[in-house]
Amino acid sequence: MTQTLQPEALNCPNCGGAVMSDKTQCQFCSSRLKTVGCSKCLGLMFLGAIFCSHCGAKASEVTVAQDAAAGECPRCKLNLKTIGIGSIVVRECTKCGGLWTASETFETICADQEKQAAVLNFISNAAHPNTDPSVISYVPCPDCKSLMNRSNFARSSGVIVDMCKRHGVWFDAEELPKIIDFIKKGGIDRQREKEKITIADERQKLRSDQRRLEMAERRSGARFKDEEDRPMLNSVLGFLFDKRFAIK
(Lines give C-alpha, C1' and ligand atoms only; values in the text may rest on other atoms or scores of the structure.)
Protein backbone atom coordinates (compact mmCIF):
# COMPACT_ATOMS: atom_id res chain seq x y z
CA MET A 1 0.00 0.00 0.00
CA THR A 2 1.33 3.44 -0.94
CA GLN A 3 1.86 5.75 2.00
CA THR A 4 0.96 9.42 1.65
CA LEU A 5 3.41 11.86 3.18
CA GLN A 6 1.68 13.95 5.82
CA PRO A 7 2.49 17.67 5.94
CA GLU A 8 4.57 18.79 8.88
CA ALA A 9 5.33 22.14 10.49
CA LEU A 10 8.55 23.76 9.25
CA ASN A 11 10.09 27.14 9.87
CA CYS A 12 10.05 29.75 7.12
CA PRO A 13 13.70 30.50 6.23
CA ASN A 14 12.87 34.20 5.87
CA CYS A 15 10.88 35.08 9.02
CA GLY A 16 11.08 31.89 11.09
CA GLY A 17 7.31 31.46 11.27
CA ALA A 18 5.83 27.98 11.50
CA VAL A 19 4.40 26.92 8.13
CA MET A 20 3.08 23.56 7.00
CA SER A 21 5.35 21.77 4.53
CA ASP A 22 2.63 21.55 1.87
CA LYS A 23 2.37 25.35 1.63
CA THR A 24 4.06 27.27 -1.18
CA GLN A 25 3.88 30.68 0.50
CA CYS A 26 4.55 31.87 4.03
CA GLN A 27 1.36 33.20 5.64
CA PHE A 28 3.38 35.65 7.73
CA CYS A 29 5.85 37.26 5.31
CA SER A 30 4.45 36.03 1.96
CA SER A 31 7.81 34.53 0.95
CA ARG A 32 7.65 31.92 -1.80
CA LEU A 33 8.45 28.50 -0.31
CA LYS A 34 9.79 25.36 -1.89
CA THR A 35 10.30 22.07 -0.06
CA VAL A 36 13.58 20.18 -0.45
CA GLY A 37 15.09 17.16 1.26
CA CYS A 38 18.05 17.03 3.62
CA SER A 39 21.03 15.33 1.94
CA LYS A 40 21.80 13.52 5.23
CA CYS A 41 18.48 12.32 6.66
CA LEU A 42 16.17 13.09 3.69
CA GLY A 43 13.86 15.01 6.04
CA LEU A 44 11.85 17.87 4.54
CA MET A 45 12.89 21.49 4.91
CA PHE A 46 12.23 24.71 3.06
CA LEU A 47 14.61 25.93 0.41
CA GLY A 48 16.83 28.58 1.97
CA ALA A 49 17.05 26.95 5.42
CA ILE A 50 20.60 26.89 6.77
CA PHE A 51 20.23 23.75 8.89
CA CYS A 52 17.95 20.71 8.78
CA SER A 53 15.40 20.88 11.60
CA HIS A 54 15.44 17.06 11.87
CA CYS A 55 19.13 16.16 12.12
CA GLY A 56 20.87 19.54 12.33
CA ALA A 57 23.01 18.96 9.24
CA LYS A 58 24.00 22.04 7.29
CA ALA A 59 21.92 22.40 4.17
CA SER A 60 23.48 22.75 0.74
CA GLU A 61 23.76 26.44 -0.01
CA VAL A 62 21.15 27.34 -2.60
CA THR A 63 20.87 30.71 -4.30
CA VAL A 64 18.15 31.87 -6.66
CA ALA A 65 18.63 34.78 -9.03
CA GLN A 66 16.65 36.35 -11.86
CA ASP A 67 19.14 36.92 -14.68
CA ALA A 68 18.16 38.26 -18.09
CA ALA A 69 21.14 36.40 -19.58
CA ALA A 70 19.73 33.08 -18.35
CA GLY A 71 17.58 32.84 -21.47
CA GLU A 72 14.06 31.59 -21.97
CA CYS A 73 12.49 28.22 -21.25
CA PRO A 74 12.33 26.40 -24.60
CA ARG A 75 8.88 25.10 -23.64
CA CYS A 76 7.14 27.98 -21.86
CA LYS A 77 9.09 30.93 -23.33
CA LEU A 78 9.41 32.41 -19.83
CA ASN A 79 12.67 33.73 -18.38
CA LEU A 80 14.71 31.09 -16.58
CA LYS A 81 16.02 31.58 -13.04
CA THR A 82 19.65 30.85 -12.20
CA ILE A 83 19.92 28.39 -9.31
CA GLY A 84 23.14 27.80 -7.38
CA ILE A 85 23.20 24.47 -5.50
CA GLY A 86 26.56 24.48 -3.76
CA SER A 87 29.05 24.55 -6.63
CA ILE A 88 26.44 23.41 -9.18
CA VAL A 89 24.70 26.09 -11.25
CA VAL A 90 21.57 25.27 -13.23
CA ARG A 91 18.71 27.30 -14.70
CA GLU A 92 15.11 26.49 -13.85
CA CYS A 93 11.73 27.27 -15.33
CA THR A 94 9.45 27.87 -12.35
CA LYS A 95 6.36 27.09 -14.44
CA CYS A 96 7.13 23.67 -15.98
CA GLY A 97 10.03 22.59 -13.74
CA GLY A 98 12.46 22.16 -16.65
CA LEU A 99 16.20 22.51 -15.99
CA TRP A 100 19.05 23.73 -18.19
CA THR A 101 22.66 22.77 -17.43
CA ALA A 102 25.95 23.45 -19.15
CA SER A 103 27.59 20.33 -20.58
CA GLU A 104 30.44 20.49 -18.03
CA THR A 105 27.94 20.83 -15.17
CA PHE A 106 25.99 17.79 -16.34
CA GLU A 107 29.20 15.74 -16.57
CA THR A 108 30.06 16.78 -13.00
CA ILE A 109 26.62 15.72 -11.75
CA CYS A 110 26.96 12.33 -13.48
CA ALA A 111 30.35 11.68 -11.87
CA ASP A 112 29.72 12.92 -8.31
CA GLN A 113 27.22 11.21 -5.98
CA GLU A 114 27.17 14.09 -3.49
CA LYS A 115 26.26 16.54 -6.23
CA GLN A 116 23.60 14.13 -7.45
CA ALA A 117 22.09 14.11 -3.94
CA ALA A 118 22.22 17.91 -3.74
CA VAL A 119 20.45 18.29 -7.08
CA LEU A 120 17.80 15.70 -6.19
CA ASN A 121 17.17 17.41 -2.87
CA PHE A 122 16.63 20.71 -4.65
CA ILE A 123 14.15 19.41 -7.20
CA SER A 124 10.68 19.79 -5.81
CA ASN A 125 8.30 16.85 -5.57
CA ALA A 126 5.42 19.14 -6.46
CA ALA A 127 3.70 18.44 -9.77
CA HIS A 128 4.17 20.96 -12.57
CA PRO A 129 1.55 21.58 -15.26
CA ASN A 130 2.40 20.71 -18.85
CA THR A 131 5.55 18.80 -17.89
CA ASP A 132 4.96 15.98 -20.36
CA PRO A 133 4.44 17.41 -23.85
CA SER A 134 2.04 15.22 -25.82
CA VAL A 135 3.65 16.26 -29.10
CA ILE A 136 7.34 15.44 -29.53
CA SER A 137 9.10 18.46 -30.97
CA TYR A 138 12.57 19.92 -31.29
CA VAL A 139 13.13 22.89 -29.00
CA PRO A 140 15.65 25.76 -29.20
CA CYS A 141 18.77 26.09 -27.06
CA PRO A 142 18.27 28.85 -24.42
CA ASP A 143 21.72 30.24 -25.31
CA CYS A 144 22.05 30.16 -29.11
CA LYS A 145 18.39 29.58 -30.10
CA SER A 146 19.38 26.78 -32.50
CA LEU A 147 17.18 23.68 -32.46
CA MET A 148 18.66 21.02 -30.21
CA ASN A 149 19.17 17.34 -30.97
CA ARG A 150 17.15 14.71 -29.14
CA SER A 151 19.15 11.83 -27.67
CA ASN A 152 18.55 8.75 -25.54
CA PHE A 153 20.91 9.29 -22.60
CA ALA A 154 23.61 6.58 -22.51
CA ARG A 155 21.76 4.90 -25.41
CA SER A 156 19.80 2.68 -23.04
CA SER A 157 18.31 4.83 -20.25
CA GLY A 158 15.04 5.45 -22.04
CA VAL A 159 15.26 9.15 -21.09
CA ILE A 160 15.22 11.34 -24.20
CA VAL A 161 16.91 14.68 -23.54
CA ASP A 162 17.46 17.76 -25.69
CA MET A 163 21.12 18.59 -26.29
CA CYS A 164 23.03 21.51 -27.76
CA LYS A 165 26.57 20.35 -28.55
CA ARG A 166 28.00 23.78 -27.83
CA HIS A 167 26.08 24.86 -24.76
CA GLY A 168 24.33 22.20 -22.70
CA VAL A 169 21.40 19.92 -21.97
CA TRP A 170 17.72 20.64 -21.37
CA PHE A 171 15.75 18.38 -19.02
CA ASP A 172 11.99 18.43 -18.86
CA ALA A 173 10.60 17.97 -15.35
CA GLU A 174 11.49 14.59 -13.82
CA GLU A 175 14.03 13.73 -16.55
CA LEU A 176 17.12 14.62 -14.51
CA PRO A 177 15.95 12.57 -11.47
CA LYS A 178 15.34 9.62 -13.82
CA ILE A 179 18.86 9.93 -15.22
CA ILE A 180 20.39 10.14 -11.74
CA ASP A 181 18.39 7.04 -10.74
CA PHE A 182 19.66 5.28 -13.89
CA ILE A 183 23.26 6.15 -12.94
CA LYS A 184 22.82 5.04 -9.32
CA LYS A 185 21.49 1.66 -10.46
CA GLY A 186 24.62 1.09 -12.54
CA GLY A 187 23.10 1.92 -15.90
CA ILE A 188 26.19 3.66 -17.26
CA ASP A 189 28.49 0.84 -16.13
CA ARG A 190 26.23 -1.75 -17.79
CA GLN A 191 26.18 0.27 -21.01
CA ARG A 192 29.98 0.52 -20.99
CA GLU A 193 30.27 -3.24 -20.60
CA LYS A 194 27.86 -3.75 -23.51
CA GLU A 195 29.92 -1.37 -25.65
CA LYS A 196 33.14 -3.19 -24.69
CA ILE A 197 31.59 -6.51 -25.74
CA THR A 198 30.35 -4.97 -29.00
CA ILE A 199 33.79 -3.53 -29.76
CA ALA A 200 35.47 -6.88 -28.98
CA ASP A 201 32.99 -8.68 -31.27
CA GLU A 202 33.63 -6.18 -34.07
CA ARG A 203 37.39 -6.60 -33.71
CA GLN A 204 37.04 -10.38 -33.84
CA LYS A 205 34.89 -10.07 -36.97
CA LEU A 206 37.48 -7.79 -38.60
CA ARG A 207 40.25 -10.27 -37.81
CA SER A 208 38.19 -13.12 -39.28
CA ASP A 209 37.43 -11.09 -42.41
CA GLN A 210 41.13 -10.26 -42.78
CA ARG A 211 42.12 -13.92 -42.51
CA ARG A 212 39.53 -14.89 -45.13
CA LEU A 213 40.83 -12.14 -47.42
CA GLU A 214 44.43 -13.29 -47.01
CA MET A 215 43.47 -16.90 -47.79
CA ALA A 216 41.54 -15.77 -50.87
CA GLU A 217 44.54 -13.74 -52.04
CA ARG A 218 46.85 -16.72 -51.59
CA ARG A 219 44.50 -18.95 -53.55
CA SER A 220 44.15 -16.35 -56.30
CA GLY A 221 47.92 -15.91 -56.46
CA ALA A 222 48.46 -19.68 -56.86
CA ARG A 223 45.85 -19.85 -59.63
CA PHE A 224 47.38 -16.94 -61.50
CA LYS A 225 50.83 -18.56 -61.26
CA ASP A 226 49.44 -21.82 -62.71
CA GLU A 227 47.90 -19.92 -65.60
CA GLU A 228 51.24 -18.21 -66.34
CA ASP A 229 53.13 -21.56 -66.35
CA ARG A 230 50.52 -23.46 -68.38
CA PRO A 231 51.73 -22.36 -71.90
CA MET A 232 55.26 -23.52 -71.10
CA LEU A 233 53.97 -26.82 -69.69
CA ASN A 234 51.84 -27.43 -72.79
CA SER A 235 54.84 -26.72 -74.99
CA VAL A 236 56.99 -29.26 -73.12
CA LEU A 237 54.25 -31.88 -73.20
CA GLY A 238 53.69 -31.25 -76.91
CA PHE A 239 57.40 -31.67 -77.60
CA LEU A 240 57.56 -34.93 -75.67
CA PHE A 241 54.34 -36.14 -77.30
CA ASP A 242 55.71 -35.43 -80.80
CA LYS A 243 59.05 -37.06 -79.99
CA ARG A 244 57.30 -40.12 -78.65
CA PHE A 245 55.33 -40.74 -81.80
CA ALA A 246 58.23 -39.76 -84.07
CA ILE A 247 60.27 -42.77 -82.90
CA LYS A 248 60.01 -45.65 -85.27
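Tutor: Let's start with a word we'll need: two residues are in contact when they have heavy atoms within 4.5 Å. This is a predicted model, where local features need pLDDT of at least 70 and side-chain atom pairs count only at pLDDT 80 or more, while totals for chains, interfaces and linings use all residues. Residues are numbered from 1 along each chain as its sequence is written, and side-chain values use heavy atoms, with hydrogens and water left out.

Now find threonine 105, which is in helix H1 (helices are DSSP runs of H or I with at least four residues, strands are E runs of at least two, both numbered from the N terminus). Leaving aside residues up to four places away in sequence, threonine 105 touches Ile88 and Val89. Its relative accessible area is 16%, so threonine 105 is buried (buried means under 20%, exposed over 50%, and partly exposed in between, using a 1.4 Å probe and protein chains only). Over the whole protein chain of 248 residues, buried ones make up 32%.

Stay with H1, residues 103-111, and look at H2, residues 113-122: their axes come within 5 Å and cross at roughly 105° (axes are lines fitted to C-alpha atoms, for helices over the stretch in contact, with angles from 0 to 180 degrees between N-to-C directions). H1 and H2 are therefore roughly perpendicular (that covers 65 to 115 degrees; under 35 is roughly parallel, over 145 roughly antiparallel, and the rest oblique). On the H1 side you'll find Thr108, Ile109, Cys110 and Ala111, and they meet Gln113, Lys115, Gln116 and Val119 of H2.

To step back, the protein chain has 4 helices and 11 strands. The search of the whole structure turns up 9 salt bridges (a side-chain nitrogen of Lys or Arg within 4 Å of a carboxyl oxygen of Asp or Glu). In one of them, arginine 75 meets aspartate 162 at 3.7 Å, N to O. Arginine 75 is in the loop between strand E5 (62-66) and strand E6 (81-85), aspartate 162 is in strand E10 (residues 160-164), and they are 87 residues apart. Arginine 75 counts as partly exposed at 24% relative accessibility, whereas aspartate 162 is buried at 0%. Both belong to a salt-bridge network that includes Arg150 and Asp172.

Another bridge joins aspartate 143 and arginine 91 at 3.0 Å, N to O. Aspartate 143 is in the loop between H2 and strand E9 (149-152) and arginine 91 in strand E7 (residues 88-92), so the pair ties together parts 52 residues apart in sequence. Arginine 91 is buried at 17% relative accessibility, while aspartate 143 is partly exposed at 34%.
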